[in-house]
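This briefing sets out the architecture of the model shown below. Points are grouped by topic for use beside the sequence and the coordinates.

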Amino acid sequence: METPEQIKARIEAAVPSAKIEILANECALGERSLLVEAASGFAVARFLRDDAQLKLDYCSNVTGVDWPDKELTEKIKVKQVVDGVEKEIEEVKKTIRPGFLEVVYHLYSMELKHGPFVLRMRTENRAAKTHLPSLTPLWRGAEFQEREVYDLYGVFFDGHPDLRRILMWDEFVGFPMRRDYVAPDDFEYEPTPHDEVLVEARKHYQVEPKAEVKA
Amino acid sequence: MNTVAAMPPKSFEVKPKLDESGTPIGELLEISMGPHHPSTHGVFRMDVVLDGETVVKLKPVFGYLHRNHEKIGENISYLASMPYTDRLDYFCSMTNNWAYALTVEKLAGLAVPERAEYIRVIMAELTRLQNHTCLIGFFVQDMGALGTPMMYAFREREKILDLFESVSGARMMCNYMRFGGVRVDVNDEWIVQTKKVVADYSKFLDEFGTFLTENEIVLARTQFIGVMSKELAINASITGPMLRAAGVNYDLRKVDKYGIYDRFNFQVPVGEHGDIYDRYMIRVLEMRESIKILEQALRDIPTGPVMDPKSKLRGFRPKPGEVYGRVEGPKGELGFYLISDGSPNPYRYRVRPPSFVNLTVLEDMCLGHRISDAVVILGSVDIVLGEVDR
């Protein structure tokens, strides 16, 4: 298969509006991936499927990844005038990379028997703007897996034919695979709680001290 | 957990059947098949809308066995996930182990010794034999042959499970493979016993085939039922025997040549019609090919170590990066996707389950057939709910 650089150049020729970035992979045997902007995601995916040299007709794996806000520290040298003498001082600069949700597609070609090609799309943030184009109209195989990503991560796929929860039940609130998800308290009722179970029990029920039994 | 259980599904509902102008001309019956139904192979539910006995709509409902396997995998070390992978597809713990070990080896750049590669192939092919045998047993049971054919299949499966037990200590939850090899070596006596089981297996397949392959009832219930076209199979990411029954020659043992599969002489059976009978036949032929691979592997297995001396099990921290690894499981492509951030636990641990994705086209295959055929079609998909729901 062609290198990611070649594929990127050909996509840019075919879909001029596409903004594509090649992401490095530090693992030697792993594949590098192409990050595509959500707006042009569907057009790029259609190009990848229909292009005669690629023919990525098989969408094997669809998955979500949660990247919360991350504090990046960077050491920079700053020139400062200290007591009339110019000195170079190292300063630690902290920047916050805003969090986002990412959807990863692993594409193969059954006809030409090559792959994988890794396509990624990112949402704007993790709270309100978590919409991405659905690729189910191109590959039916993404249908259940995109539903799973919606169910567990909360990515809304625009254009999905049947976007419902799939593994959790419909009334469930929250997205359990997000890294800041807090699981509900694991508490079991005991008739006579004591020690740490009593502390837990007070959170769940107002435990009244029992009235003394009259003789 | 103080979670509120989902509302129990309604067991049935009657809906009006309308003609094109919208006037009612009869009734449609919506029934909930499962989750506790012997034909669903576990806790699986189908919301079926019936016109008489004909299926007009079918929606699969999952999640009754969901335990968020992937979240568990993110909170424990790489090695600690190995026994959990046994519980995905509990018929095929050996291939699940292999898929996970293969992915981590790719991530960390570990080599696997010769002998361990051969042992892995032997284990994977034995798993394929017992999975396909059981599946055929179940699926004949779905057609109404209660008990006896399944017991024939389980009798043979026992022999393979005995082999697994003697080498790994467990019959189903083997937890046998490790990153860079396998946990314990097999001895010569085990090889002799396995050779005997493999030699007898062809006879069993002949016998089983005599009962089923040209059986009039099997033919009537399976031919031209649940047909899936080649185009739909590719587009819907169907893998494994289901895909090959639809006429696509795509077997990861040939395409990826993972492990040492390029050394063996075997063929990939491909179907023509994509119906249930082809799916049955593909599995029978695949078992014959597995026997060929097993004979070659048992003949050629070299001596030597079974673990890469450089791999360490404790304090295992692969460098940052991400990989996707996949093997040809008995049910289809089983993939693992791992992202490492350099810590002892994976940042992202994803399982690509074959039977979950293969269920995508269940509705397309069942529409227009009778409810009794829907049961057999589901049986021919070969699902295990431990893997579907994860």
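This is a predicted model: local features need pLDDT of at least 70, side-chain atom pairs count only at pLDDT 80 or more; totals for chains, interfaces and linings use all residues.

Which residue in S9(B) does Phe336(B) stand opposite? Phe336(B) faces Val351(B) in that strand.

**Chain A: overall fold**

- Chain A contains 4 helices and 9 strands.
- In sequence order, the elements of chain A follow the pattern α-β-β-α-β-β-β-β-β-β-α-β-α.
- Chain A is more spread out than a compact globule, because its radius of gyration is 26 Å, well over the 17 Å that the globule rule gives for 215 residues.
- The C-alpha trace of chain A extends over about 90 × 70 × 30 Å along its principal axes.
- Buried residues make up 33% of the 215 residues of chain A.
- Of the contacts in chain A between residues at least 6 apart in sequence, 55% link residues at least 24 apart.

**Chain B: the sheet S7-S8-S9**

- Strands S7, S8 and S9 of chain B form an open sheet of 3 strands in the order S7-S8-S9, and the pairing is antiparallel.
- The edges of this sheet are S7 (321-329) and S9 (348-352) of chain B; each has a single partner strand, so one side of each is left without a neighbour in the sheet.
- From one strand to the next, the twist averages 10°.
- As background, strands of a sheet pair through backbone hydrogen bonds, in either a parallel or an antiparallel sense.
- Strand S8 (residues 332-340) of chain B is joined to S9(B) by 5 bridges, and the two run antiparallel.
- Helix H3 (residues 93-108) of chain B lies across S7 and S8 of chain B, and its direction is at about 150° to S7(B).

- Strand S3 (residues 45-51) and strand S4 (residues 54-61) of chain B pair in the antiparallel sense, with 7 bridges between them.
- One of the paired positions joins Asp47(B) to its bridge partner in S4(B), Lys59(B).
- The hairpin of S3(B) and S4(B) has 2 residues between the strands, and Gly52(B) adopts a positive phi near 70° in this hairpin.

**Chain B: two domains**

- Chain B is divided into domain 1, covering 12-61, and domain 2, covering 69-388.
- A distance of 33 Å separates the C-alpha centres of domain 1 and domain 2 of chain B.
- The contact between these domains of chain B involves 14 residues of domain 1 and 17 residues of domain 2.
- On the side of domain 1 of chain B that touches domain 2 of chain B, S3 and S4 of chain B each supply at least two residues.
- S4(B) gives the most to that side of domain 1 of chain B, with 5 residues.
- By class, this side of domain 1 of chain B has 7 nonpolar, 5 polar and 2 charged residues.

**Contact between chain A and chain B**

- Chain A brings 34 residues to the contact, and chain B brings 37 residues.
- On the side of chain A that touches chain B, the elements giving two or more residues are strand S3 (58-67) and helix H3 (142-153) of chain A.
- S3(A) provides the largest share of that side of chain A, with 6 residues.
- The residues on the side of chain A that touches chain B comprise 18 nonpolar, 8 polar and 8 charged.

**Two residues of chain B**

- Ser229(B) is placed in the loop between helix H7 (216-222) and helix H8 (230-235) of chain B.
- With 14 other C-beta atoms within 10 Å, Ser229(B) is partly exposed.
- Leaving aside residues up to four places away in sequence, Ser229(B) touches Ala246(B) and Gly274(B).
- Ser229(B) and Leu243(B) are 14 residues apart in sequence, and their C-alpha atoms are 9.4 Å apart in space.
- Leu219(B) is part of helix H7 of chain B.
- Is Leu219(B) buried or exposed? Leu219(B) counts as exposed, because 12 C-beta neighbours lie inside 10 Å and a residue with 12 or fewer is classed as exposed.
- Leu219(B) and Val284(B) are 65 residues apart along the chain, and their C-alpha atoms are separated by 15 Å.

Technical notes:
Residues are numbered from 1 along each chain as its sequence is written. Chains are lettered from A and ligands numbered from 1 in the order in which they are written. The radius of gyration is taken over C-alpha atoms; the globule rule is 2.2 Å times the number of residues to the power 0.38. A residue is buried if 20 or more other C-beta atoms lie within 10 Å of its own, exposed if 12 or fewer, and partly exposed in between; C-beta atoms are placed from the backbone. Two residues are in contact if their C-beta atoms, placed from the backbone, lie within 7 Å. Two strands pair if DSSP finds at least two bridges between them. Axes are lines fitted to C-alpha atoms, for helices over the stretch in contact, and angles run from 0 to 180 degrees between N-to-C directions. Domain bounds come from an automatic or database domain assignment. Ala, Val, Leu, Ile, Met, Phe, Trp, Tyr, Cys and Pro count as nonpolar, Asp, Glu, Lys and Arg as charged, and the others, Gly among them, as polar.
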